[in-house]
Amino acid sequence: MLVVRPVQPRDLPALERLAGSATPRLTNLPAHRDRLEERIARSTRAMAREVDFPGDEAYTFVLEDLDLDEVVGTASIRAQAGAQDAYYTYRQETLIHASQQLNVRREVQTLSLSHETSETTLLCALSLDARYKGTSAESLLRRARLMFIAQYPERFASLLAVAFPGYLDAQGESPFWNSVGRHFFARGFQEINLLAGVRSKSFIAEVMPQFPLYLPLLTPQARAAIGREHPDHEGALEEMLAEGFVRSRHVDIFDAGPVVRGERDRLQSVRQASWHPVRLRPGHVLPDAEPALIANQQLGDFRCLVARYALSPTGQLMLSPEHAALLGVEEGRAVLAAPLALPAVMDEVDEGDA
């Protein structure tokens with residue numbers, strides 16, 4: 001039995017383990033005890049705070065396997081990506097160089113330092129135990145955050161973003177970092193990635209060049225890595241595209257991994273979510289139905305799990321007593337439900353992206 005809930009102080013050892021086993025290592029989930037303790041405390045404060053608009057709140061959730069009494073995953077939401085420090089990315093652009101005298105016109109691809117993603121809500125810091133990859137646990141952990149956002153829209157921006165880890169070579173090095181960032185920092189990718197996680201990415205932008213980077217001047221390996229996700233995150237990117245996110249012109253400033261963006265109210269988990277009163281029925285008599293994400297409406301005691309989307313003729317959601325107990329709901333109380341299945345992937349680029 002798997003359930004997503006807010007992080008608690010007792011989850012610190014599990015967060016350390018998940019941070020250390022993330023593939024690749026995540027900038028926003030450093031294997032650093034003090035930072036993880038701070039993450040837990042910050043999430044607890046955010047859950048207890050009355051919020052009318054997004055600010056520096058950060059919400060961290062864990063996926064718990066109740067049969068094993070073990071936390072097996074974690075994921076976070078940053079209400080406003082740049083609330084504390086500007087959230088920098090590189091934006092892909094095209095410059096035109098032309099000369100009438102020489103009858104020459106060339107379009108040159110460039111990368112420009114940008115902090116436009118700072119205003120978005122960022123879904124980040126997801127790490128899942130390897131035993132659960134390729135199962136519905138992945139979707140539950142990834143999309144439970146959207147079920148939370150759907151209930152408390154005032155806490156989040158109308159535009160959401162996800163930054164995916166970029167391509168690394170067989171040695172775990174980033175071709176993009178080696179072609180760009182290493183010229184300004186005498187450190188390898190893994191070292192600078194950990195340093196940014198413990199501190200902040202903002203110091204990188206202070207040293208990186210403020211002028212556009214001309215792609216023809218980069219190595220072929222670096223150019224090929226721009227906007228390319230890490231192989232271990234291909235499935236995650238595909239699911240977010242099916243959810244309604246689209247590729248943007250923005251990429252990560254370290255490894256050039258893709259940044260996808262989506263309008264909150266147009267995402268599948270938000271658009272298709274419906275409220276239903278609960279009707280309790282023994283699990284063995286529940287009708288067969290497609291699985292769904294089911295969430296309660298308790299801020300600090302938020303719970304989300306996967307159960308069958310079985311409705312009575314009067315629109316009640318039929319749940320087993322076991323699932324109702326996990327959600328902390330009684331018969332007649334309302335829960336939010338959204339289909340677990342997503343439509344076919346529409347891999348598009350947001351051409352209107354600023």
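Asp-129 and Arg-131 form a salt bridge, their closest N and O atoms lying 2.9 Å apart; the term requires a side-chain nitrogen of Lys or Arg within 4 Å of a carboxyl oxygen of Asp or Glu. The model is predicted: local features need pLDDT of at least 70, side-chain atom pairs count only at pLDDT 80 or more, and totals for chains, interfaces and linings use all residues. Residues are numbered from 1 along each chain as its sequence is written, and side-chain values use heavy atoms, with hydrogens and water left out.

Asp-129 also meets the side chain of Arg-17 in a salt bridge, at 3.4 Å from N to O. This pair links distant parts of the chain, 112 residues apart: Asp-129 is in the loop between β6 (121–128) and α3 (136–151), and Arg-17 is in helix α1 (residues 12–21). Helices (H or I, at least four residues) and strands (E, at least two) are DSSP runs, numbered from the N terminus.

Accessibility is classed as buried under 20% relative accessible area, exposed over 50%, and partly exposed in between (1.4 Å probe, protein chains only). Asp-129 counts as buried because its relative accessibility is 12%. Arg-17, at 33%, counts as partly exposed, and so does Arg-131, at 49%. Arg-17, Asp-129 and Arg-131 belong to a network of salt bridges that also includes Glu-70.

Another salt bridge joins the side chains of Arg-266 and Glu-263, at 3.8 Å from N to O. Arg-266 has 57% relative accessibility and therefore counts as exposed, while Glu-263, at 44%, is partly exposed. The count of salt bridges comes to 17.
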